[in-house]
Amino acid sequence: MSEAMPSLQSLREDWERALVVVPHPDDMEYGGAAAIARWTGQGKHVAYCLLTSGEAGIDGLSPAEAGPLRETEQRNACLAVGVEVVEFLGMPDGMLEYGLDMRRAITASIRRHRPEILIIVNFRETYGGVMLNQADHIAGGRAALDAARDAGNRWVFTDLVTEGLEPWSGVKEVWVAGSPNATHAVDVTESFEAGLASLREHKAYLDGLGPDSPDPAEFLEGFARQTGQGLGCALAVSMEVLPLQLL
């Protein structure tokens, strides 16, 4: 944690609407929620789209028990950072497969919420070095990247237009939380506690990790301080910024 990140640019904040698309409950809470709290505090509208309900994420609970519980915890986590709109797409936790069905479902969500910024989690094979990423993150993130373009193309998933979901080409950038290729960051010194409170709403999940799991406050603050060094502030959240150009 002592090694400072490279110099980071400030994330743009000249936008009004964002959509978070992640595979699991708690994905955005491990670092990104403090940024969401900052933006909702500015009056921006942020919605969440969860590909799964995280039903395979607690070893001691069956999926039938864990799914509804984790949905409730996610909604409470969102409320802690000022997010009221949360949808769950009901895909199978731990078994996400990149493909047209997933792209279509995310495209529909983007057309429903019409964001300017799409926020996802790291979709690369590792977090940098040898720390492997999860298969769901890789498949879900890549599908979301493609769906950001699909959303603006009338001739892709034409049935969505029949359902009343008109094309939306207004996504300007895709931001990737937890990326090993982070280029930008946002100061969360004032909103860090809200982000921490958001993670702590995932009580059943955190309890399921066992007593040897990292303390949420220590874990998040360590990364936030390291990122803050790259931005020139106390605490920050980093993002990789991918400009979206419809070709």
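Me: Quick one to start: does Asp 26 count as buried or exposed?
Reply: Asp 26 counts as buried, at 7% relative accessibility. Buried is under 20% relative accessible area, exposed is over 50%, and partly exposed lies in between, using a 1.4 Å probe and protein chains only. Keep in mind that this is a predicted model, where local features need pLDDT of at least 70, side-chain atom pairs count only at pLDDT 80 or more, and totals for chains, interfaces and linings use all residues. Residues are numbered from 1 along each chain as its sequence is written, and side-chain values use heavy atoms, leaving out hydrogens and water.

Me: Where is Asp 26 found?
Reply: Asp 26 sits in the loop between strand E2 (17-22) and helix H1. Its phi is positive, about 85°, although Asp 26 is not a glycine. Most residues other than glycine have a negative phi. The helix and strand labels are DSSP runs numbered from the N terminus: helices are H or I with at least four residues, strands are E with at least two.

Me: And what is the phi of Arg 114?
Reply: Arg 114 has a positive phi too, of about 50°. Arg 114 belongs to the loop between H3 and E5, and at 30% relative accessibility it counts as partly exposed.

Me: Switching to helices: at what angle do the axes of H3 and H4 cross?
Reply: Roughly 55°, with the axes of H3 (residues 100-113) and H4 (residues 135-150) coming within 8 Å. That makes H3 oblique to H4. For the cut-offs, angles under 35 degrees are roughly parallel, over 145 roughly antiparallel, 65 to 115 roughly perpendicular, and the rest oblique. The axes are lines fitted to C-alpha atoms, for helices over the stretch in contact, and the angles run from 0 to 180 degrees between N-to-C directions.

Me: Which residues of H3 make the contact?
Reply: On H3 they are Met 102, Arg 103, Ile 106, Thr 107, Ile 110 and Arg 111, and the H4 side includes Ala 139, Gly 140 and Ala 143. Contact here means heavy atoms within 4.5 Å. The residues of this contact divide into 8 nonpolar, 2 polar and 4 charged. In that scheme Ala, Val, Leu, Ile, Met, Phe, Trp, Tyr, Cys and Pro count as nonpolar, Asp, Glu, Lys and Arg as charged, and the others, Gly among them, as polar.

Me: What about H2 and H6, how far apart are their axes?
Reply: The axes of H2 (residues 63-80) and H6 (residues 192-200) are 8 Å apart, at an angle of about 170°. That makes H2 roughly antiparallel to H6. Ala 77, Cys 78 and Ala 80 of H2 meet Ala 194, Ala 197 and Ser 198 of H6, giving 5 nonpolar, 1 polar and no charged residues.

Me: Nice. Which residues touch the most other members in the largest nonpolar core?
Reply: Met 28, Ile 36, Trp 39, Tyr 48, Ile 119 and Trp 175 do, in a core of 41 residues. Helix H1 (residues 33-41) gives the largest share of this core, 6 residues. A nonpolar core is a set of buried Ala, Val, Leu, Ile, Met, Phe, Trp, Tyr and Cys residues joined through side-chain atoms within 4.5 Å.

Me: What does Trp 39 touch?
Reply: Not counting residues up to four places away in sequence, Trp 39 touches Leu 11, Glu 13, Trp 15, Lys 44, Ile 119, Trp 175, Val 186 and Met 239.
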